[in-house]
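Please look over the sequence and the model displayed below. The briefing that follows groups its points by topic.

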Amino acid sequence: MPTIPEMINSYFKPGDRRIIRGGEVTSRVLLYIVLGVFAVGGYALLIFGIGLILGDWMSFNRPLVNGLVFFLLALLFNPVRSRLQERIDRVFFQGERAYQERIQKFSSELNQQVDLESILHLVQETLESVLQPSLLHIFIYDLLNGDYAVPAVKGRPNSDVRFSDNSGLVKILQDRKQPITFAVLVKALERFSSDQVRLKILQPEVIAPLSGQQRLAGWVSIGAKLTGEPYSEREYRFLEDLGNILSLSLERTQVVMNMENRVREMNTLARVAKGINITLHLDDVLELIYAQTTQVIFADDFHLILMDPVSNIPSQIFCVEKNERLIEKENRTLLGARMLELEVIRQGKPIVTDNYSRELQRYGMIETAPVIFSWMGVPLNTDAETIGALSLGKRDTSIFYTQEQANLFQAIADQAAGAIVKARLLQESEQRARQLTTLNEMTRQLTSTLELSELLKTILQNAVNILDSEAGSLLLVDEQTDELVFKEMVGPVASDLVNRRLPPGSGIVGKAVRMRLPVIENTPQQSTAWFSNTDQQTGFQTRALLAVPLIFKDGVIGVVEVINRRDGLPFNRDDEILLLAFAAQAAVAIENARLYTMTDQALAARVEELSVMQRIDRELNASLETNTATKITLEWALRQSGADAGLIGVVAEDQFIVVESQGYEGGLKIQEGMVPLVDFPGFRKAIESGTPLVGNCQDGQKTIFLDKAEIQLIIPVRRENKTMALMVLESRAKEHYSEEILNFLVRLSDHAAIAISNAQLYTAVQQANIAKSEFVSFVSHELKNPMTSIKGYTELLAAGAVGPVNEAQGNFLSTIRSNVDRMSTLVSDLADVSRIEAGRLKLEFKAWELAEIVEEVSRSLKRQVEEKKQHLLLDIPGNLPKLWADRTRISQVITNLVSNAHKYTQPEGEICIAAERCENHWDPNGTPQVLHIWVKDNGFGIQEDDQQKIFQKFFRSEDSKTRESPGTGLGLNITRSLVELQGGKVWFESEFRKGTTFHFTVPVSE
């Protein structure tokens, strides 16, 4: 049978193996023909001419002379030959020299490149400029993956087609030096259909091999020329020369890259070793192994499988597919699974294959991942034990794992195995420590919790947490029927099972109760005791189950079961011991909670009463009106006592005045709500004794207010040993009120007495305030007339109406006028405060222009401002909407704020009035759009301690500079009241000794 090179050579013609250089032969023949003609003709003419001149000197008898002549002719003929050869070569070899010069330039530039990308970029530029191919691919041997691929040049590679090192194309090219055409190559690759498909994708016209000493370095694949012309012999020769030069350069570069790759592999192993020595958490170790492995070995899929040291069941604990970690496929047991990783673990040696499907068939396994083609798995060995396996998979049919990569992968696995063992030991130690800590903490919690339902939740939740399970349930034994009742559930279907019942002894939980022992079922579907109806009804899948009975003294009171460990592993003996210890404490806690519940029932009524009393107190204290207090008291008395009707009233001398009544059809038949005590001896007796009075009602008796009433209860409402009111409850039922109800109603009356007393005091205070406001208003009105007269006559005297006034008299008159102004301001402020407090301040709302109001205020205060040489600035935009307010009161607000800034700002200071339209950010219940107005000064500012009191009536700061200016302490209080009455808000910002800004808002008229 012929070898592959022999078979390949049979497809080639001799003309395909070399390029005939006919142009060079033709040029040399033509050169010597021309030189011969010139030599013969020249010699004849020369001899003839010299003979005529020299005559006898050129005879045959003079050999020395003839030799000298011929020597001179030879010297002259050589330059002629050189020039003639140059001209002929220029005609015949003009393109050839250009190619040679381009090759020399390429060789020179190639020696200056230091990395593979720069070399390939130079090759690409050279070929595109000289040959102008439509397509260009440069395939280089990939040391990392052991195949041939197109490297990236200035970005991503222009093709992702790859060829293995044993493909037919590589076998053809590795023994050739000259370029080969696509047509000849396709014919030679008839036995390699996959290579033909790849070549058709690349669409090459010519392929030039890049030979190397150890292996084929690569090849250059070029498409048809952009001009559509075929490649010439010179272009073939140029491509061959370029390939020979490039092969040497690539071989040197690949040697360097191979060394760098080895260094990178060593660095990777060093980083793995270093990382696993400082990383303790198992998941961090796995992430480190994956990251470092895929840096040196290309892979789409990465899996790590470990054997459980107790059950010897394999579990997949790390899964990456298509370069994405799939958490949902991790921590799942592989019980009964058949896969190559398990075969690696069983054999304890690597498996490397370039056909994953075929390898599965070899071991009689079913293909579960058809997208994987190249695959290798290595065991995780510690000493003589295999604890798991690592596997890598590729989804590209053209890429295969090499033995070198397998060796590197095994080296990484050997280092990783020890780290995984240490991490698992640490993880198990931490888990047991956490479980013991949780157990101790739960023991403390169980003894501190006596509420049964909360206790059951706590027991189950912590049982699930201790064993890190997906779900769990707590069932109690019904003492009457012996059925198991689901009391608490944790998991996806918790609400579906609560309060459901299981027949006695049914299921695995029933088996645990019956045997009084823990039961482990890691394959419950195969157990005869498995009660499958629960899973069928809820849709939840139970994979493993541990049930432990709750035993107190000699009886089983319930059972705790936990379902499906989150790590996917089966339950073991350690889990059983741990949960059994917890269940013993839980059973005692449940019995204690039951005893406490029985005791707590006796206190429940009292607790409820206290809770109700708190609610009553909140409602009573929420209002300071007498009618509201009596209404709330009566409502609660009827609600708690169950009486049909009732009333409550105040005691005034010999009268009982009804304030509130409920439950009487058609209302009480009492004239003007007044009841003479003389007609109701029971009322008088209750008032005098101060104790409740319960009696049977008889038909026709005057003490009955409710038709057909049987029982009447009279409760005095006392304050400071004095009965201030009576509460009367009537019922048609014949049963007497219980002692608990009577005690509650007495306590209710005590609370009501306080609320009614407070309401009466508040009413008295309100009346006093109204009287004060009326008095202040009256006094203010009466003082205005004499003050107006004093001010008028003072101004007449100062003007000289009754005679000249000297300087001293003028000073006295100025003092009088100043004090009259202050007194007038004080009286006006007092009058405003009184009207505001009495609610008699009338406002006339209209739409006004803010600019007009501000201009009016600035004119009225101009003289005062100028006297202190202060600057009053106005910043009022012209496009502001009209405000909706009382013009007089808004003017008063702005005047108060500007006057305030004037008084508490130093001479030559600055005062600014500004405004803007904006959203109402300050009052969510107010109008959406407001005018925001502010008055800013750079005066004395307000101390931080005084800022909380600035709006209080009659407040004056203790600051020395502030005290220098007179004031009543009412201006800011009035300002706030006026702003709020008009639907706005007022606030300020101040920095001590730097200035103050007062802000307020007014609704817009739109």
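Are Tyr 148 and Trp 219 buried or exposed? Both Tyr 148 and Trp 219 are buried, where buried means under 20% relative accessible area, exposed over 50% and partly exposed in between, with a 1.4 Å probe and protein chains only. This is a predicted model, in which local features need pLDDT of at least 70 and side-chain atom pairs count only at pLDDT 80 or more, while totals for chains, interfaces and linings use all residues. Residues are numbered from 1 along each chain as its sequence is written, and side-chain values use heavy atoms, with hydrogens and water left out.

**Aromatic pairs**

- The whole structure holds 14 aromatic pairs, counted when ring centres of Phe, Tyr and Trp (its six-membered ring) lie within 6.5 Å, with planes under 30 degrees apart called stacked, over 60 edge-to-face and the rest tilted.
- The rings of Tyr 148 and Trp 219 are tilted, because their planes meet at 35°, with the centres 5.3 Å apart.
- Since Tyr 148 belongs to strand β2 (residues 147-149) and Trp 219 to strand β6 (residues 218-222), the pair ties together parts that are 71 residues apart in sequence; helices (H or I, at least four residues) and strands (E, at least two) are DSSP runs, numbered from the N terminus.
- Another tilted pair is formed by Tyr 290 and Phe 318, whose ring centres are 5.9 Å apart and whose planes are at 45°.
- This pair links distant parts of the chain, with Tyr 290 in helix α11 (residues 282-296) and Phe 318 in strand β8 (residues 314-321), 28 residues apart.
- Tyr 290 counts as buried at 16% relative accessibility, and Phe 318 counts as buried at 0%.
- A cluster linked by ring pairs consists of Phe 139, Tyr 141, Tyr 148, Phe 163 and Trp 219.

**Nonpolar cores**

- The largest nonpolar core has 37 residues, and Leu 850, Ile 894 and Phe 1000 have the most contacts inside it; such a core is a set of buried Ala, Val, Leu, Ile, Met, Phe, Trp, Tyr and Cys residues joined through side-chain atoms within 4.5 Å.
- Elements that each supply at least two residues of this core include α24 (850-860), β29 (910-919), β30 (929-937) and β32 (995-1003), while the largest share, six residues, comes from α26.
- Leu 850 touches Ile 876, Leu 880, Leu 883, Ile 894, Ala 915, Leu 931 and Ile 933, not counting residues up to four places away in sequence, where contact means heavy atoms within 4.5 Å.
- A second, separate core of 31 residues includes Leu 304, Ala 413, Ala 416 and Ile 420.

**Arg 889 in helix α26**

- Arg 889 is placed in helix α26, and this arginine is buried because its relative accessible area is 13%.
- Residues touched by Arg 889 include Asp 832, Arg 835, Leu 978 and Gln 982.
- Gln 982 is 93 residues from Arg 889 in sequence, yet the two are 9.0 Å apart in space, C-alpha to C-alpha.

**Helix α20**

- The 16 residues of helix α20 (residues 626-641) should span 22 Å at 1.5 Å a residue, which agrees with the 23 Å between its end C-alpha atoms; the expected span is 1.5 Å times one less than the number of residues.
- Among the buried residues of α20 are Ala 629, Ile 632, Leu 634 and Trp 636.
- Just after α20, Gly 642 takes a positive phi of about 80°.

**Cysteines**

- The count of disulfides is zero, a disulfide being a pair of cysteine sulfur atoms within 2.5 Å.
- Cys 319 counts as buried at 0% relative accessibility, and Cys 912 is buried with a relative accessible area of 19%.
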